[in-house]
Amino acid sequence: MIYSAITSENSLVSDNYYKDGLAINQSLSMDQKAQDLNLSAILKFNEKGRVTAVLSGDLTTQPPFLTLKLLHPTLDGRDIQVKLLPEPGNTYSTLLESPLKGRWYIDIIAHDSIWRLKGEGAFPSTTATVLNSNS
């Protein structure tokens, strides 16, 4: 156990508190913008790794793409970031390399990083995951 503690890197501890504080402030403003726009998304993950997101809210134009971040709660190296590409009807989709298993934090971020929706899900799941700006 001592060998493991000495040789492994603890990815949950940060040495740059100032930079982390700035990032937190930016994230809070992104969350507020999503709330101002009354945004929400319904995500569906199928057993083959396909992800679809239906976006709703008070947007004047639909974004050309969205960024989907899947954040593992404990292991930094397992985080996934992909683009959700547009389809008809306010729907965006992508195909993951493999289906998700376990618990994940989920962020959907506008193409210009103006707003963010966040939530979490446990996979595999047959029910839709709802990300709501009022959370």
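Biologist: Where do I start? Which elements does the protein have?

Modeller: Remember that the model is predicted. The protein has two helices and eight strands. From the N terminus the elements run α-α-β-β-β-β-β-β-β-β.

Biologist: How do strands hold on to each other in a sheet?

Modeller: They pair through backbone hydrogen bonds, either parallel or antiparallel. Here, eight strands form an open sheet with antiparallel pairing. The order is β7-β6-β3-β4-β5-β2-β1-β8.

Biologist: Which strands stand at the edges?

Modeller: β7 (116-123) and β8 (129-132) do. Each has a single partner strand, so one side of each is left without a neighbour in the sheet. On average, neighbouring strands of this sheet are turned by 25° against each other, direction ignored.

Biologist: What does a hairpin look like here? How many residues lie between β1 and β2?

Modeller: Four residues separate the two strands of this hairpin. In its turn, Gly49 has a positive phi of about 100°. β1 (residues 40-45) and β2 (residues 50-56) pair in the antiparallel sense over six bridges. Ser40, for one, has Ser56 in β2 as its bridge partner.

Biologist: And how many bridges join β2 to β5?

Modeller: Five, and the two strands run antiparallel. Val54 has Thr91 in β5 as its bridge partner.

Biologist: Is Thr91 buried or exposed?

Modeller: The cut-off for buried is under 20% relative accessible area. Thr91 has 14% relative accessibility, so Thr91 counts as buried. Thr91 belongs to strand β5 (residues 91-95). Leaving out residues up to four places away in sequence, Thr91 touches Thr52, Ala53, Val54, Leu85 and Pro86. Across the protein, 30% of the 135 residues count as buried.

Biologist: What about β3 and β4? How many bridges pair them?

Modeller: Five bridges, in the antiparallel sense, pair β3 (residues 66-71) with β4 (residues 80-87). Thr67 has Lys83 in β4 as its bridge partner.

Biologist: Which ring does Lys83 lie over?

Modeller: Lys83 lies over the face of Phe65, at 4.4 Å from the ring centre.

Note on methods
Residues are numbered from 1 along each chain as its sequence is written. This is a predicted model: local features need pLDDT of at least 70, side-chain atom pairs count only at pLDDT 80 or more; totals for chains, interfaces and linings use all residues. Side-chain values use heavy atoms; hydrogens and water are left out. Buried means under 20% relative accessible area, exposed over 50%, partly exposed in between (1.4 Å probe, protein chains only). Contact means heavy atoms within 4.5 Å. Two strands pair if DSSP finds at least two bridges between them. Axes are lines fitted to C-alpha atoms, for helices over the stretch in contact, and angles run from 0 to 180 degrees between N-to-C directions. A charge sits over a ring if NZ of Lys or CZ of Arg is within 6 Å of the ring centre and within 35 degrees of the ring normal.
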